[in-house]
Amino acid sequence: MDNLADFGVPDFISAGTFSGERQIGFHLHEGTELVLITEGDCGIQVDDLQLRGSARNLFILPGKVAHNQTNYGLVTTFYTTFKAGKNFNERPRVITADNWLSQWVINLCQLAETVSEGLNELAAGILYSVIQRI
């Protein structure tokens with residue numbers, strides 16, 4: 001298989017957490033990034049678009065597009081990057097994450113920290129659910 005995303009299966013890249021007040025400069029990722037805020041308030045600039053969110057908000061950021069993160073005090077986030085199929089709308093936006101969506105993004109980060117064997121397959125299953133929920 002070339003790329004799982006070409007077949008409609010999300011292709012997990014990475015996941016992690018951030019907690020702090022430091023500003024995140026402009027950077028980009030190979031795939032789509034989801035950033036779930038669990039504490040605090042922050043803004044993300046993508047091209048000319050300025051997005052702002054707080055706890056229970058989920059940023060959806062396109063792959064290969066530079067963005068930053070401006071934190072307004074202490075901010076805690078859970079984030080994941082992946083390649084989605086062609087049908088996923090990765091336009092930059094902020095949505096309210098319900099309990100399921102929040103838990104699945106957090107689960108992806110927990111998996112990335114604790115599982116090595118079979119991580120991509122497990123993450124792909126959760127990502128599929130995340131994409132369907134979005």
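**View 1. Lys-64 in its loop.** Lys-64 sits in the loop between E6 and strand E7 (67-71). Helices (H or I, at least four residues) and strands (E, at least two) are DSSP runs, numbered from the N terminus. The model is a predicted one, where local features need pLDDT of at least 70, side-chain atom pairs count only at pLDDT 80 or more, and totals for chains, interfaces and linings use all residues. Residue numbers start from 1 along each chain as its sequence is written, and side-chain values use heavy atoms, with hydrogens and water left out. Lys-64 has a phi near 60°, a positive value in a residue other than glycine. With 55% relative accessibility, Lys-64 counts as exposed. (Buried is under 20% relative accessible area, exposed is over 50%, and partly exposed is in between, using a 1.4 Å probe and protein chains only.)

**View 2. Asp-47, in the loop between strand E4 (41-46) and E5.** Here is another positive phi in a residue other than glycine: for Asp-47 the value is near 55°. Asp-47 counts as exposed, at 55% relative accessibility.

**View 3. Arg-56 and the residues it touches.** Look for Arg-56 in the loop between strand E5 (49-54) and strand E6 (57-61). This residue is partly exposed, at 38% relative accessibility. Thr-38 is 18 residues away along the chain, yet its C-alpha atom and that of Arg-56 are separated by 5.7 Å. Not counting residues up to four places away in sequence, Arg-56 touches Leu-36, Ile-37, Ile-95, Thr-96, Ala-97, Asp-98, Asn-99 and Ser-102. (Contact means heavy atoms within 4.5 Å.)

**View 4. Thr-80 and Thr-76, both in strand E8.** Strand E8 covers residues 75-83. Thr-80 is buried, with a relative accessible area of 0%. A polar atom of the Thr-80 side chain lies 2.9 Å from the backbone oxygen of Ser-14. Leaving aside neighbours within four places in sequence, the contacts of Thr-80 include Phe-12, Ser-14, Ala-15, Leu-108 and Leu-127. Thr-76 is buried too, with a relative accessible area of 14%. Again leaving aside neighbours within four places, Thr-76 is in contact with Phe-18, Ser-19, Leu-36, Ile-37, Thr-38 and Glu-39.

**View 5. Helices H1 and H2, side by side in contact.** Two packed helices are described by the angle between their axes and the distance between the axes. For H1 (residues 99-114) and H2 (residues 119-133), the axes come within 10 Å and cross at roughly 165°. (Axes are lines fitted to C-alpha atoms, for helices over the stretch in contact, and angles run from 0 to 180 degrees between N-to-C directions.) H1 and H2 are therefore roughly antiparallel, a label for angles over 145 degrees. On the H1 side, the residues that meet H2 include Trp-100, Trp-104, Leu-108 and Leu-111. Among their partners in H2 are Leu-122, Ile-126, Leu-127 and Val-130. By class, the contact has 12 nonpolar, 2 polar and 1 charged residues. (Ala, Val, Leu, Ile, Met, Phe, Trp, Tyr, Cys and Pro count as nonpolar, Asp, Glu, Lys and Arg as charged, and the others, Gly among them, as polar.)

**View 6. Gly-8, in the segment before strand E1 (11-20).** Gly-8 is partly exposed, with a relative accessible area of 45%. The C-alpha atoms of Gly-8 and Ala-84 are separated by 7.1 Å, though these two are 76 residues apart along the chain.

Technical notes
Polar contact = N/O pair within 3.5 Å; in protein donor to acceptor, adjacent residues only side chain to side chain. Parallel < 35°, antiparallel > 145°, perpendicular 65-115°, else oblique.
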